[in-house]
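Please look over the sequence and the structure before reading the notes.

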Amino acid sequence: MASEEPELVTSIEECERIASLLKDEAILALDCQGVYRGSHLRLNLLQIGTSKGKVYLFDVQVNKNLLLNDGLRHLLESKDIEKVMFQCSKDSGALYHNFQITLQNVFDIQDAHIILEEQKGRKLFPSLNLRNVCRVYSPIDKVPKHEEDSMKECAVESSDYWETRPLTAEKVSVAAGHVKALIPEVYREQKGRIENFGLNQKFKERVLESVKLHIDRTVYTQRKDRINGHVMEILHSVENTCTTNTKLQDFEKDSDERIALQIVDVEIAQNMSEIIQQLKKEYIDSYLDEILKDVKSDEAELLVTSSKLRFLNKTRGHPDKSIAKIAGRIRDEIQNIVLSSIERKYDVGTDVSLLSTCEQEILRDLPIWSDDDPNFPKVIKALFWRLLDNDLARKLAHFIREITD
């Protein structure tokens, strides 16, 4: 039997009707879409799915009052309804900071996967995506690859991918697919394994940490400290079990050892053994080669990310001048790609908050001294000055809050 089409909700009346229908559900799948900027999400769409496959799309871009409605708020804050999510932390932060909604009773698919992998002895994890995690727990391809690829491509052409209205059939399909993938198969399989291993309490604590990650700075610091502790533990183990003949390629891709070498700062590695110094240098060389390959590919715009840009910015200050020079050269190539993309995608009146984190970071670093600067196009200069104005206004507001509190 074919599944029902997702139902798009824009009115308070429809929102109240649907909230009333869902209030007796024991389990709901939940996801949010919007414009991500660093740790912050400007929420445009909220999706809720049932275990029977029915999906409701609450269009917050059209009507922000939907999330101020008591019915929908009750569902999200209910301790009786379990909300199944993937990477809930940014969604939780957005709901809290923008709508004063505190998520309750969350089952996070990513946290469940990490807890189960930790049971096998893992300590560190690569970046995880919904499609790959779901494939571990379900024989069905819950998130078709073509949908993920399509969303990435569209996001490159327009950073306001989830803000543009009306929603296309493709966007509706992608949004609905993200909640359909979560329940029931993946959720049931993970829940069963967690119960069998007696991990319920550990999982509950980890999810609560994720819910608060972008709400409480203390929680964010605690998670960062825990990860850094694992990094040092793994590197000390490498020092004790490996020799100077050990090579980076001796460790499997995405292994704890490789991830630890990725995370550890150069300054810390420089104060460790010769083994760690050598392996950290090999990791940097390898990652520079990988980024350069991305930059030279036909999909360079898709592959350039703010994390790669930050790595290059930091590596430009590496004590090994040859490494620093290579990083600087690749960074310059990325700047040219990003500036060309900005000039094509935007105009002088574009809201700079719609620019990606990577685009904003590139603009901030430009040596523009006046509106008459002949080295940059008009649109680049306009967005540069507007971004700096926004940054100054934000810092001023923060300063005023500091002195008045």
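Which residues form a nonpolar patch on the surface? In this predicted model, the patch is made of Leu-396, Phe-399, Ile-400 and Ile-403, which together have about 410 Å² of accessible area. Leu-396 belongs to helix α18, residues 378–404.

**Salt bridges**

- A total of 27 salt bridges is found in the structure.
- One of them joins Arg-223 and Glu-209, with an N to O distance of 2.7 Å. This pair connects distant parts of the chain, since Arg-223 is in helix α10 and Glu-209 in helix α9 (residues 200–212), 14 residues apart.
- Arg-223 and Glu-209 are both buried.
- Glu-209 also forms a salt bridge with Arg-226, where the closest N and O atoms are 2.8 Å apart. Because Glu-209 lies in helix α9 and Arg-226 in helix α10, this pair ties together parts 17 residues apart in sequence.
- Glu-209 has 12% relative accessibility and counts as buried, whereas Arg-226, at 29%, counts as partly exposed.
- Glu-361 and Arg-310 meet in a salt bridge of 3.4 Å, N to O. Here the link runs between helix α17 (residues 357–364), which holds Glu-361, and helix α15 (residues 306–315), which holds Arg-310; the two residues are 51 residues apart.
- Glu-361 counts as buried at 18% relative accessibility, while Arg-310 is partly exposed at 44%.
- One network, joined by salt bridges that share partners, contains Glu-4, Glu-7, Glu-14, Arg-17 and Lys-54.

**Aromatic rings**

- The whole structure contains 5 aromatic pairs.
- The ring centres of Phe-384 and Trp-385 are 4.9 Å apart and the planes stand at 80°, so this pair is edge-to-face.
- Phe-384 is buried at 4% relative accessibility, and Trp-385 is partly exposed at 28%.
- Phe-107, Tyr-187 and Phe-203 make up one aromatic cluster.
- The charged end of Lys-54 sits over the ring of Tyr-56, 5.4 Å from the ring centre.
- Likewise, the charged end of Arg-122 sits over the ring of Phe-125, at 5.5 Å from the centre.

**Buried helix positions**

- Ser-92, in helix α3 (residues 88–99), has a relative accessible area of 1% and is therefore buried.
- Apart from neighbours within four places in sequence, Ser-92 contacts Ile-101, Leu-103, Val-211 and Ile-215.
- Helix α11 (residues 256–263) has Asp-256, Ile-259, Ala-260 and Leu-261 buried.
- The buried residues of α11 pack against α10 (217–241) and α13 (274–296).

How values were computed: Residues are numbered from 1 along each chain as its sequence is written. This is a predicted model: local features need pLDDT of at least 70, side-chain atom pairs count only at pLDDT 80 or more; totals for chains, interfaces and linings use all residues. Side-chain values use heavy atoms; hydrogens and water are left out. Patches are made of residues with over 30% relative accessible area and no salt bridge: like charges are joined within 9 Å, nonpolar side chains (Val, Leu, Ile, Met, Phe, Trp, Tyr) within 5 Å. Accessible areas come from the Shrake-Rupley method with a 1.4 Å probe; for residues, only the protein chains shown count as cover. A salt bridge is a side-chain nitrogen of Lys or Arg within 4 Å of a carboxyl oxygen of Asp or Glu. Helices (H or I, at least four residues) and strands (E, at least two) are DSSP runs, numbered from the N terminus. Rings of Phe, Tyr and Trp (its six-membered ring) pair if their centres lie within 6.5 Å; planes under 30 degrees apart count as stacked, over 60 as edge-to-face and the rest as tilted. Buried means under 20% relative accessible area, exposed over 50%, partly exposed in between (1.4 Å probe, protein chains only). A charge sits over a ring if NZ of Lys or CZ of Arg is within 6 Å of the ring centre and within 35 degrees of the ring normal. Contact means heavy atoms within 4.5 Å.
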